Amino acid sequence: MNLKDRYTDNRKDFDKGEQHMTEVEKKQNGEIYDARDPEIRSQYNRAKDWAKTYNSLPATDAQAKDMILRLFLGSVGKNVRVNQPFSVDYGYNITVGDNSFINMNCTLLDAGPISIGSNTLLGPDVKVYTSQHPLNGAERFWEEPDGTMAVKTWTSPVKIGSYTWIGGG
């Protein structure tokens, strides 16, 4: 897919002089976006730094862990526990309901929304992914005018209901 075609889908009213969506807005709306975008990379890197801080806290420091979760996740209910290590892509797209437990080595790749209901358990090594790519390899990339290839990515939300148990990865 060339650059013009790529933007045709996402910038429907571009020729009318209306504002187009940023790559972050495209990501949040489930449209094909450019994951190399500087703002997206900045958000991603910030989340990796956050996770490193969270994962380095003493396992017994429940107060600090709770504070960091509430600062960096989209929302966190009451009585939530997230065991270390814990990995995310952005953090802000994750919501966790009351009385939920996320066990060690869980990876929540939240380029799009991940909603975890109340009274829900995620066992060790559970992986949740919101990013998608075309299954056909020939359709998986677009080519920039300079010949650089980039991966087509879009997101789909993941909703894990209340009173759910995902036993493990």
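Start with β6 and β9: three bridges join them, and the two strands run parallel. Strands here are DSSP runs of E with at least two residues, helices are runs of H or I with at least four, and both are numbered from the N terminus. Two strands pair if DSSP finds at least two bridges between them. This is a predicted model: local features need pLDDT of at least 70, side-chain atom pairs count only at pLDDT 80 or more, and totals for chains, interfaces and linings use all residues. Residues are numbered from 1 along each chain as its sequence is written, and side-chain values use heavy atoms, with hydrogens and water left out.

**Stop 1**

Select Leu108 in β6. Its bridge partner in β9 is Val128. Pick out two of the partners: Phe86 goes with Cys106, and Ser87 goes with Thr107.

Show the three strands together. They form an open sheet in the order β3-β6-β9, with parallel pairing. The edges are β3 (86–88) and β9 (127–129), each of which pairs on one side only. From one strand to the next, the twist averages 5 degrees. Strands of a sheet pair through backbone hydrogen bonds, either parallel or antiparallel.

**Stop 2: the four-stranded sheet**

Select β2, β5, β8 and β15. These four strands make an open sheet in the order β2-β5-β8-β15, and the pairing is parallel. Its edge strands are β2 (81–82) and β15 (165–166), each pairing on one side only. Zoom in on β8 (residues 121–122). Two bridges pair β8 with β15 in the parallel sense. Which residue of β15 is the bridge partner of Leu121? Select Trp165.

**Stop 3**

Go to the loop between β2 and β3, where Pro85 sits. The peptide bond from Gln84 to Pro85 is cis, with omega near -10 degrees. Next, move to the loop between β4 (94–96) and β5 (101–102), and select Asn99. Asn99 is not a glycine, yet it has a positive phi of about 60 degrees. Most residues other than glycine have a negative phi, and most peptide bonds are trans.

**Stop 4: the helix pair**

Select α3 (residues 38–56) and α4 (residues 62–72). Their axes come within 10 Å and cross at roughly 165 degrees. That makes α3 roughly antiparallel to α4. Axes are lines fitted to C-alpha atoms, for helices over the stretch in contact, and angles run from 0 to 180 degrees between N-to-C directions. Roughly antiparallel means over 145 degrees.

Show side chains. Trp50, Thr53 and Tyr54 of α3 meet Lys65, Ile68, Leu69 and Phe72 of α4; contact means heavy atoms within 4.5 Å. How do the residues of this contact divide? Five are nonpolar, one is polar and one is charged. Ala, Val, Leu, Ile, Met, Phe, Trp, Tyr, Cys and Pro count as nonpolar, Asp, Glu, Lys and Arg as charged, and the others, Gly among them, as polar.

**Stop 5: confidence**

Colour by pLDDT, the predictor's confidence in each residue, from 0 to 100. The protein's mean is 90, and 89% of its residues reach 70 or more. Finish on residues 1–17. There pLDDT stays under 50, and the model has 23 contacts beyond four places in sequence for this stretch. Where pLDDT is low, the predicted coordinates should not be read in detail.

How values were computed. Parallel < 35°, antiparallel > 145°, perpendicular 65-115°, else oblique.
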